[in-house]
Amino acid sequence: MRQYDWYPSVYHKTFREYMEYLGSFGDRLAVCWYDRGGQGYEKTYRQLHEDVAALRKALAACGLGRCRVAIAGENSYAWLVTFLAVTSGGGVAICVDIDQPDETVRHLISMADSSVIFASDGMMAICQAMLRGDTGITRVFSLQGEGPDSFAGLMAQGSLLPEDAPVGSDSHDTAAIMFTSGTTSNSKAVMLTHENILNNAGGAIATVDLGDSIFTGLPFYHAYGLNCSVLCSLIKGAKLTINGDLRTMMRDLTKSGSKTVFAVPLIMEALYRGAWAGLKKAGKEQDVEKLIKLYTIGRKFGLSLGGESRRKVHDLLFGSMELVVCGGAHLNPEISRKLDALGLCVLQGYGITECSPLISVNRNRFWRYDSVGTLMPGYQIRLENGEILVKGPSVMAGYYKDPEETALALQDGWFRTGDLGRIDKDGQIYITGRIKNLIVLKNGKKISPEQIEQRIQEIPMVKETMVYGTPSGDDPDDVQPTVSIYPDPAAVEGMNRIEILAALHKEIDRINATLPDYQQIKMINIRDREFEKTSSKKPKRNVEENHR
């Protein structure tokens, strides 16, 4: 596998320009979704263009055309139309992380100086309460209800209004504010311009061929879910199936017949474990392991062995799914390797909200299991003391009302990611850790917990793991590497706590034997429940409960 030319792509300067382009796809299917009962709905590109225009006109008629509009709700067609109407109408869309506690949701809406809210039924009580008091909120519209103060009501009003003239948005104007979901710090409000977001979307399309049938259940209020899986798909003129309910995600994926899926490692791990459980139950586990070994050997010599058998297993386990784009956190390369052997290509990428978000991604014909791919077009990258710094048109304008943090993150146009990494001779990027997560020993040596976690995660009985430093003795600066493990309930069924600990000790001793003495795990904690996570499904490292 070697680098090759970029795929054809289209770059837009503003969301108004982007919407006019989408309208050119006419009666092609654009967005599809299913309700709780499984009833399907669909919208063409022409209908999407008309719906966005109707809402944009209605907002302008209400004097809200250039407002800061918070969107607080689950994934839905109404969420997407609201975002596109606000941004193409010269306003600023505030993408609210609704997986946070109520008080945090209110704080996010307020810190971005929102004046209008579009809320789903589940968020309505929280948002309506903000109409009272000195919050700056003047209107709250329902994303799901009926009547004049609803998405549907505004759409009906706007459809009767004459065509609106383009607003004078500049490519450097802020189009959206999104919030970081950092595992060690409070959320920051990231200002992303029209150019930031749309250049990133165009670059992503140039890097990866997503095909023409795409599925996503990733939250739209995150840059990865919105930009990579939604805005990019629409640039392609693809059929995009969206899901906003984890309980129906696999059902909807199957019904959609999508070939490409956007996922996070948590979803991939569940898919992988489910596939293996099914194979074991059917008594085919050993046969498939042999098939994987055959394919792996052949791949070293450029041969594709076991094609017909692999296709049968793939169709049984994954149906129409052929490509998975995975991001948001690190994915165990062993999972990618085995899924590839079974005909499911997994392309891992690397991004960060402040970069709109994609920085690098593996390509359809140039990828590696353990890397996060090659740099996107338009970006520059360099390493400074191991830290990844990037520069390019998708780097944020700054943190809203936080010049101090902005100055720390942006230096001479370079964004300091806080991630540690390396780049090989072929331009493949590898993430080796996070600066804030480093365990610093008393002798000055540093341990990147992510690299050890990856090894421990390969133990079959481990479902989740976190490595951190705990004080050794009376000196708080004298720490030792410790691991907290949540065992896979299915794998340890029938075992008591002592038996689980003994089995884990045996596996950890095996890993320790391959590590330098200072990196070796000295203590093991067994957890009774999963780690507390951010809304992007990363374990929170600064939560004391996660270390127990």
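Leaving aside neighbours within four places in sequence, D164 is in contact (heavy atoms within 4.5 Å) with R16, R56 and K57. The structure is a predicted model, in which local features need pLDDT of at least 70 and side-chain atom pairs count only at pLDDT 80 or more, while totals for chains, interfaces and linings use all residues. Residues are numbered from 1 along each chain as its sequence is written, and side-chain values use heavy atoms, with hydrogens and water left out. D164 is placed in the loop between α6 (151–158) and β7 (174–179), where helices (H or I, at least four residues) and strands (E, at least two) are DSSP runs numbered from the N terminus. The side chains of D164 and R56 are joined by a polar contact of 2.8 Å; such a contact is a pair of N or O atoms within 3.5 Å, of which, within protein, one must be able to donate a hydrogen and the other to accept it, and residues adjacent in sequence count only if both atoms are side-chain atoms. With a relative accessible area of 19%, D164 is buried, a class that means under 20% relative accessible area, as against exposed at over 50% and partly exposed in between (1.4 Å probe, protein chains only).

The loop between β13 (345–351) and β14 (358–361) contains both S356 and P357. The peptide bond from S356 to P357 is cis, with omega near -5 degrees, and S356 has a positive phi of about 75 degrees although it is not a glycine. Most residues other than glycine have a negative phi, and most peptide bonds are trans. S356 counts as buried because its relative accessibility is 1%. A positive phi, near 55 degrees, is also found at N385, again a residue other than glycine, in the loop between β16 (380–384) and β17 (387–391); N385, however, is exposed, with a relative accessible area of 79%.

Within strand β14 itself lies S360, which counts as buried because its relative accessibility is 0%. A polar atom of the S360 side chain lies 2.9 Å from the backbone oxygen of V372. Apart from its neighbours within four places in sequence, S360 is in contact with G349, Y350, V372, G373, T374, L375, M376 and I429.

Helix α13 (residues 333–341) is mostly covered, with seven of its nine residues buried, namely P333, I335, S336, K338, L339, D340 and A341. These buried residues pack against α10 (265–281), α11 (285–300), α12 (307–318), β13 and α15 (449–457). At the start of α13, a side-chain oxygen of N332 reaches to within 2.9 Å of the backbone nitrogen of E334, and just after the helix G343 takes a positive phi of about 90 degrees. In α15, the buried residues are P449, I452, E453, I456 and Q457. Seen down the axis of α15, these residues fall within an arc of 140 degrees (taken over the directions from the helix axis to the C-beta atoms), so they line one face of the helix. The cover over the buried residues of α15 includes α10, β22 (439–440), β23 (446–447), β24 (462–471), β25 (479–487) and α16 (497–512).

Grid points are joined across faces, edges and corners, and a volume is the space filled by probe spheres set on the points. The search of the whole structure finds three cavities of 30 Å³ or more, and the largest cavity holds about 70 Å³ of space. Its lining consists of A204, V208, L210, C228, C232, F262, V325, L358 and V361, with α8 (223–235) and β14 as the elements that give two or more residues. By class, this lining has nine nonpolar, no polar and no charged residues, where Ala, Val, Leu, Ile, Met, Phe, Trp, Tyr, Cys and Pro count as nonpolar, Asp, Glu, Lys and Arg as charged, and the others, Gly among them, as polar.

The second largest pocket holds about 680 Å³ of space and is lined by 20 residues, of which Y272, R273, W276, P460 and D488 lie nearest its centre. The largest share of this lining, six residues, comes from α10, and its classes are nine nonpolar, two polar and nine charged residues.

Definitions and conventions. 1 Å grid on protein atoms, 1.4 Å probe; cavity = no way out; pocket = protein on both sides within 12 Å on 5 of 7 lines; lining within 4 Å.
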